[in-house]
Amino acid sequence: MSGTAPHPDAGPRRHGDAWWVVSAVGFAVVLAFLVWPLSRVLAGSVLGESGWLAFGETYGRVASHRYYWSSLLNSLGLSAAATIGAVLVGTPLALALSRYPIPGTVLVRTAANLALLSPPFIGAYSWVVLLGRNGLVTRWLEPLGWGAPTIYGYRGILLAFVVQYFPLVFLLVSGALAAVDQSMEDAAMSLGSRPRQAFFRVVLPVILPSLTAGALLVFMATMADFGTPMVLGEGLRTLPTLMYGEFINELGGNPTMASTLGSLLILINTAALMGQRYFAFRKAYHVVCLRPLQPRRPTRGRLALAAVAVYGLIGLALVPAVTILVSSFMPTRGPVMYAGLSLQSYATVLHLVPRAIANTFMLTGLAVALDVGLGVLLAYCLARRPSRPHAVLDALIMLAYAIPGTVVGVGLIVVYNHPPIVLTGTWAILLVSYFIRHLPYPVRACTAMLQQIDVRVEEASISLGVPPFRTFWRVTVPLMFPAIVSGATLAWITTIGELSSSILLYSGPWATTSVAIFTQVFSNHFGTASALASILIGAAAAPLFLMYRLLGRQTTVAP
Amino acid sequence: MTRVRIDGIVKRFGEASALSDVSLELSPGELYTLLGPSGCGKTTLLRIVAGLLPQDAGSVAFDGVPVDNVPPYRRNIGVVFQSYAIFPHLTVRQNIAYGLRARRMESERTEAKVGEAARMVQMESLLDRMPAALSGGQQQRVVLARALVIEPRLLLMDEPLSNLDARLRVEMRAVIRRLQRTLGITTLYVTHDQEEALAISDTIAVMDRGRILQTGPPWALYRAPQNRFVAEFLGGMNVLAARLARPVAAAGVAVVEVDFSTPWSVVADGAVSESGPVWLGIRPESLRVEPPSGGADHWNQAAGTVTEVGYLGAVARYQVEIAPGVSLTVEVHDPDFQALRRVGDPVRLWCDPAKVRILAPHP
């Protein structure tokens, strides 16, 4: 009677069930669309054109030519400065809102979420509309004899970056502050700390992991940003723009150097990602929060000052989106906009590029559907079947999050422009890029949710007679619903305005809205650019409002 | 009514051994409790019986038929988890009907059975509530109804009361016991609470470090623990080191030497073959407290000093130090408040030889 082998799928933790198929698909997809293209880029930087260990003609060239190393320094300098700027603006904002009884907290949080909706390069473009050579503010200041400060170059990019990303830091730090219990501060003060000491010794260390993780997110995002330096750079080169130039330029281009610059981006952002994961998980303190930090009662003057600062900053964050919306309804000629109300730009857009808008919705919808479909299944594998291969798969999926679109785009072209599989020139290559780059959102959201769902609930269902896979559909998936919605929303928002890989991968009829905006900006058709950008922002905002309706207001678009 | 036989179960988690050769048998219709501290393997054993965890060796049989190859969803068992594991996205009605749906029962019969199960646990007025709108005790009733409505061969309960407050725990204990008796359903019950185990069980198995130390009805375990662990875990017996002067041939009075007093007399149940060091067990309620001057003609005396006093209304509990580093817990029931001892009071303890147990030789 003893020693009989147990049934292979007798329990949810047993191996040998059908879940291996999901992880096999996950591995196949990640290897084919991420690991293989990226290793081709890395190989290009090592092997050069000659084909064998050519560090001299690749990294050596970066080191010896100012043309290349200055772009590396520009990228590092800009990202570091933008990160510091976003932290210095976002953190005090979050602190002011949590510690002072400033009215309209929900409004401010909603505004911060809205500010994060518009794709970065559209933010950059909005500053051109305001402060560019023919900008609204520039032309308004001109008759007064004041020259507006130039928006182009290093400082302009920095401004665009800081305005774009401080709401992200604000939302992450606010989230961390909401988890600090008032009793911690009370305990510190009862032990003799003054308020300021209590903050630096108790509150700050607890929110520091979120702060650091947020900072690294900003660093990665600005490092990868292609559109902003393209729109505002005016000759200032960063790694992504130079890489794009080297790859796309049929005359003076150098694909080996494109690979080398791409490899530098991979290395820098992977290091930042590892730092981000480290701070977000290893260093996170588990705090039990029963009663969040209570607002203090400051003097009336201080409160007024804080309120003005908070609303001023959040207003600044909304300037790009408002500028785009307003300018889309203004009559224009070329880059010059006139006062008035007109639907001229929208008419032109619908006449000129209806296909691009349709492409964007079709490709984004398809990519998000695939991301969510595979993401939910993969998240279950990763969260409920912890193993070494699954840890590797998890890390590879997260890698997609860190790698700049320009690098993924180049890698995909290198791999899929010749037989056996040719995808270049088709819509499929855009879909692949969108799909693989945004897969981390649903996976991350769902694994986090699964860690909150009691495994016993699934076991209860199994014990009541429902086999494991049907239990997954009938119990686990409905319980994961909030995470599925927020993962899908994040994927949708980030995919719909994707520019850095689209600009490389689109061809002929498969231009997307973001590509169309980019072309309109560079051909000085600001009216149509604003109209298209407004459509994009609206399309990004729609699911966010849906999410608010479905899940309540406590949701954010901060990853 | 199902007879359950658990035979030679072995389970390891990596290097650590969770269960080593555990065997036991549940008679049809009985409530069988696995009692032990956390980490003793009791929940692991329950999960193996449920089929939720595969064993490394050994076998589980229901009515003589091994179920080792039967997946959990075909074992027809009801499981009540410590965390309730209520389905938060389903109403009370849908929660209770869940197992019946899985069995493809037609809706009319399902409705009738759900109503009946809800009545059993007094939840019939809350059938359309969502779990979030229920108290802990009500959630507990729902999962109990959900497990019972499928008419399982076996009911498994994993610390079902540990998330309830003290009053609800006593109330739910009675509900579970009444339903289990009326339905005559064989039940394996896991708890770390010895009072709960004594109150609810037909049979208790005391577990420690992956082994079963002693099984028997509650009164037998309480009266006659066989070893030091069972003695201390069940009812907090005082354990004292002593020396058996000479072997005992048959049941009767034995004399043991103790460090703190003249030799004690102990009634042994049976023969004790070897003389030498032994453990003595004395229940706190078996010890009597006298003033230091009194009780001189009693058996088994020890003089000491009160070091702690706990007044619990019906009971006064004292710690009495009878030798450096040797303390006894003493309980006085229905204490006369004028005779309450204070910390530092000298006292004389004594106890009836029939109430002292020889547990096992010193290791």
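This is a predicted model: local features need pLDDT of at least 70, side-chain atom pairs count only at pLDDT 80 or more; totals for chains, interfaces and linings use all residues.

Tutor: A residue is called buried here if 20 or more other C-beta atoms lie within 10 Å of its own, exposed if 12 or fewer, and partly exposed in between.

Confidence comes before geometry. Chain B has a mean pLDDT of 90, with 98% of its residues at 70 or more. For the complex, the predictor gives an ipTM of 0.85 and a pTM of 0.84.

Next, the overall form of the chain. The C-alpha trace of chain B spans about 75 × 50 × 35 Å along its principal axes. Its secondary structure comes to eight helices and 20 strands. Of the 363 residues in chain B, 41% are buried. Among contacts in chain B with a separation of 6 or more, 66% are between residues 24 or more positions apart.

The chain is divided into domain 1, residues 4-228, and domain 2, residues 237-361. The C-alpha centres of domain 1 of chain B and domain 2 of chain B are 39 Å apart. Contact between them involves four residues of domain 1 of chain B and eight residues of domain 2 of chain B. On the domain 1 side of that contact there are two nonpolar residues, one polar and one charged.

Two positions in chain B show the two ends of the burial scale. B:E159 is in the loop between β7 (154-158) and α5 (166-183) of chain B. Its phi is near 45°, a positive value in a residue other than glycine. B:E159 counts as buried because it has 20 C-beta neighbours inside 10 Å. B:T182 is in helix α5 of chain B. With 9 C-beta neighbours inside 10 Å, B:T182 counts as exposed. B:T182 and B:G29 are 153 residues apart in sequence, while their C-alpha atoms are 9.7 Å apart in space.

Now the contact with the partner. It takes 32 residues from chain B and 25 residues from chain A. On the chain B side, β1 (4-13), β4 (57-62), β6 (77-80) and α2 (92-102) each supply at least two residues. Of the elements on that side, β4(B) gives the most, with four residues. By class, the side of chain B that touches chain A has 20 nonpolar, nine polar and three charged residues.

The nonpolar cores carry the account into chain A. The largest one has 168 residues, and those touching the most other members are A:Y125, A:Y165, A:V169, A:V218, A:M220 and A:C446. Helix α7 (residues 154-178) of chain A gives the most to this core, with 16 residues. Domain 1 (20-41 + 343-559) and domain 2 (65-117 + 161-328) of chain A both contribute residues, so this core lies between them. Leaving out residues up to four places away in sequence, A:C446 touches A:G375, A:V376, A:A379, A:M480, A:A483, A:I484 and A:G487. A second, separate core has 108 residues and includes A:L464, B:A18, B:V256 and B:V347.

Some local features of chain A complete the picture. A:E234 also has a positive phi, of about 45°, although it is not a glycine. A:E234 sits in the loop between α10 (227-232) and α11 (239-248) of chain A. Having 13 C-beta neighbours inside 10 Å, A:E234 counts as partly exposed, whereas B:E159 counts as buried.

The peptide bond from A:P419 to A:P420 is cis, with omega near 10°. A:P420 lies in the loop between β3 (417-418) and β4 (421-422) of chain A.

Last comes helix α16 (residues 388-402) of chain A. At 1.5 Å a residue its 15 residues should span 21 Å, and its end C-alpha atoms are 22 Å apart, which agrees. The buried residues of α16(A) are A:L393, A:D394, A:I397, A:A400, A:Y401 and A:A402. An α-helix has 3.6 residues a turn, so residues three or four places apart point the same way.

Key:
Residues are numbered from 1 along each chain as its sequence is written. Chains are lettered from A and ligands numbered from 1 in the order in which they are written. pLDDT is the predictor's confidence in each residue, from 0 to 100. Domain bounds come from an automatic or database domain assignment. Two residues are in contact if their C-beta atoms, placed from the backbone, lie within 7 Å. Ala, Val, Leu, Ile, Met, Phe, Trp, Tyr, Cys and Pro count as nonpolar, Asp, Glu, Lys and Arg as charged, and the others, Gly among them, as polar. The expected span of a helix is 1.5 Å times one less than its number of residues. A nonpolar core is a set of buried Ala, Val, Leu, Ile, Met, Phe, Trp, Tyr and Cys residues joined through C-beta atoms within 7 Å.
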